[in-house]
Amino acid sequence: QVQLVESGGGLVQTGGSLRLSCVASGRTFSGDTMGWFRQAPGKEREFVAHIRYNGATSYADSAKGRFTISRDNAKNSAFLQMNSLKPEDTAVYYCAAGVGAWRCDGYNYWGQGTQVTVSS
């Protein structure tokens, strides 16, 4: 079975940083896009960032200048470095992989999510 497992979430103060990790197994994702999405209470799941097979990246406006997505194909992993965190960033963060870009239905595989809470 293909699995994506996120880690690195937690509680952080406003202005702090977290680094989320996503480790995949059961399939090699070097040829796929990998993305990060998030879902806050009472809101729909939204795009945060993605990185394509060739390393090209894209970010939601809310993430630009603060978040950095990266990948390590040798380790079949993706990462999201989050700096200058704000309470509005509080959400469950999901790792995804597939042929998609900024739409969640373009991704075939999803992790279980990791909670990020930013205190004010």
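**Exercises on cysteines, salt bridges and selected residues**

Cys 104 counts as partly exposed, because its relative accessibility is 39%; the classes are buried (under 20% relative accessible area), exposed (over 50%) and partly exposed (in between), computed with a 1.4 Å probe on protein chains only. The model is predicted: local features need pLDDT of at least 70 and side-chain atom pairs count only at pLDDT 80 or more, while totals for chains, interfaces and linings use all residues. Residues are numbered from 1 along each chain as its sequence is written, and side-chain values use heavy atoms, with hydrogens and water left out.

**Exercise 1. Determine which cysteines form a disulfide, and describe the bond.**

Step 1. In general, a disulfide is a covalent bond between the sulfur atoms of two cysteines. The criterion applied here is a pair of cysteine sulfur atoms within 2.5 Å.

Step 2. By this rule the count is 1 disulfide. The partners are Cys 22 and Cys 95, whose sulfur atoms are 2.1 Å apart.

Step 3. The torsion about the S-S bond of Cys 22 and Cys 95 is about -75 degrees, and therefore the disulfide is left-handed.

Step 4. The pair links distant parts of the chain, with Cys 22 in strand β3 and Cys 95 in strand β9, 73 residues apart. Strands are DSSP runs (E, at least two residues), numbered from the N terminus.

Step 5. Cys 22 and Cys 95 are both buried. Cys 104 takes part in no disulfide; the nearest cysteine sulfur belongs to Cys 95 and is 14 Å away.

**Exercise 2. Trace the salt bridges made by Asp 89 with Arg 38 and with Arg 66.**

Step 1. A salt bridge requires a side-chain nitrogen of Lys or Arg within 4 Å of a carboxyl oxygen of Asp or Glu. The structure holds 7 salt bridges.

Step 2. Arg 38 and Asp 89 meet through their side chains at 3.0 Å, N to O. This pair joins distant parts of the chain: Arg 38 is in strand β4 (residues 33-39) and Asp 89 in the loop between β8 and β9, 51 residues apart.

Step 3. Arg 38 is buried, because its relative accessible area is 7%. Asp 89 likewise counts as buried, at 2% relative accessibility.

Step 4. Arg 66 and Asp 89 form a salt bridge at 2.8 Å, N to O. Arg 66 lies in the loop between β6 (57-59) and β7, and Asp 89 in the loop between β8 and β9, so the pair ties together parts that are 23 residues apart in sequence. Arg 66 is buried.

Step 5. Arg 38, Glu 46, Arg 66 and Asp 89 are linked in a network of salt bridges.

Step 6. For another case, consider Asp 105 and Arg 103, whose closest N and O atoms are 2.5 Å apart in a salt bridge. Both of these residues, Asp 105 and Arg 103, are exposed.

**Exercise 3. Describe the surroundings of Val 23, and then the backbone of Asn 76.**

Step 1. Val 23 belongs to strand β3 (residues 18-25). Val 23 is partly exposed, because its relative accessible area is 44%.

Step 2. Contact means heavy atoms within 4.5 Å. Neighbours within four places in sequence being left aside, Val 23 is in contact with Gln 3, Leu 4, Val 5, Asn 76 and Ser 77.

Step 3. Asn 76 is located in the loop between β7 (67-72) and β8 (77-82). Asn 76 is buried, because its relative accessible area is 14%.

Step 4. Although Asn 76 is not a glycine, its phi is positive, at about 55 degrees.

Technical notes. Helices (H or I, at least four residues) and strands (E, at least two) are DSSP runs, numbered from the N terminus.
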